[in-house]
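Dear colleague,

I am handing over the structure below, together with some notes on what was found in it. Please read the notes with the model open beside you.

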Amino acid sequence: MEDKNNKSAKRDIKNLRKVTIIALFAALTAVGAQIAIPIGNVPITLQMFFVFLSGFLLGPVEAMNSMLLYLTLGAIGLPAFANFSGGIAHLVGPTSGYLWAFPISAFLIAQLRRKFNTVLSGIVGLAVVYIIGWTVLGLHIGSYRKAFIVGVIPFVFIDFAKLFVANLVALKLDKVMRGKEYEQT
């Protein structure tokens with residue numbers, strides 16, 4: 001009986017850890033949204049940095065769920081989106097494709113990093129965000145060419161920089177979390 005209770009307690013702790021880490025990444029993404037430089041319809045934020053980081057550090061389902069929680073928090077009106085905004089309008093407006101792509105991207109990054117390196121998985125995740133975001137923006141403004149010019153081109157180099165920094169942070173955090181940081185000294 002004691003062994004059964006011990007297994008149940010371990011399972012409960014594992015589930016609590018998953019829920020906590022999902023909530024943490026949703027909160028970090030919301031904070032990243034507030035670090036924004038407005039340029040046109042789509043501001044430069046650190047949201048994508050946390051999409052990368054969730055994919056690099058979490059399992060596929062946890063990474064996806066953290067981004068779904070982030071979208072849910074914003075949809076119910078909490079100021080989770082850029083410029084301390086929230087509400088369902090963000091999930092149906094011109095830039096909604098970028099937001100909807102976050103859970104898909106995080107899932108793919110986490111899934112692909114198991115077979116490939118983190119940078120390659122991040123590039124695939126970023127491509128997904130751009131394709132979905134650009135498509136939705138193009139539908140809203142009536143021009144895919146203009147949507148590409150205002151919704152993709154200004155962000156490519158910045159997002160690649162976020163990708164590489166997120167990769168470095170993930171490598172460092174992975175070492176610290178596994179205790180490898182102190183083995184080198």
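**Notes on the model**

Phe-84 is exposed, with a relative accessible area of 60% (buried means under 20% relative accessible area, exposed over 50%, and partly exposed in between, with a 1.4 Å probe and protein chains only). This is a predicted model, in which local features need pLDDT of at least 70 and side-chain atom pairs count only at pLDDT 80 or more, while totals for chains, interfaces and linings use all residues. Residues are numbered from 1 along each chain as its sequence is written, and side-chain values use heavy atoms, with hydrogens and water left out.

Phe-84 sits in the loop between H3 and H4, and its phi is near 50°, a positive value in a residue other than glycine. In the loop between H3 and helix H4 (96–112) one also finds Asn-83, which has a positive phi of about 60° although it is not a glycine. Asn-83 counts as exposed, at 53% relative accessibility.

As for the chain as a whole, it holds seven helices and zero strands, where helices (H or I, at least four residues) and strands (E, at least two) are DSSP runs, numbered from the N terminus. The radius of gyration of the chain is 18 Å, close to the 16 Å that the globule rule gives for 185 residues, so the chain is as compact as a globular protein of that length; the radius is taken over C-alpha atoms, and the rule is 2.2 Å times the number of residues to the power 0.38. Along the principal axes, the C-alpha atoms fill a box of roughly 65 × 40 × 25 Å. Buried residues make up 40% of the 185 residues. Among contacts (heavy atoms within 4.5 Å) between residues at least 6 apart in sequence, 66% join residues at least 24 apart.

Helix H2 (residues 47–57) is mostly covered, since eleven of its eleven residues are buried; among them are Met-48 and Phe-52.

Asp-159 lies in helix H7 (residues 156–178) and counts as buried, at 7% relative accessibility. A polar contact of 2.9 Å joins its side chain to that of Lys-162; the term stands for a pair of N or O atoms within 3.5 Å, where within protein one must be able to donate a hydrogen and the other to accept it, and residues adjacent in sequence count only if both atoms are side-chain atoms.

Glu-62, found in helix H3 (residues 60–75), is buried, with a relative accessible area of 15%, and, leaving aside its neighbours within four places in sequence, is in contact with Lys-18 and Ile-22.

Finally, Ile-13 is found in helix H1 (residues 2–34) and is exposed, with a relative accessible area of 59%. From C-alpha to C-alpha, Ile-13 and Trp-100 are 30 Å apart in space, and they are 87 residues apart in sequence.

With best regards
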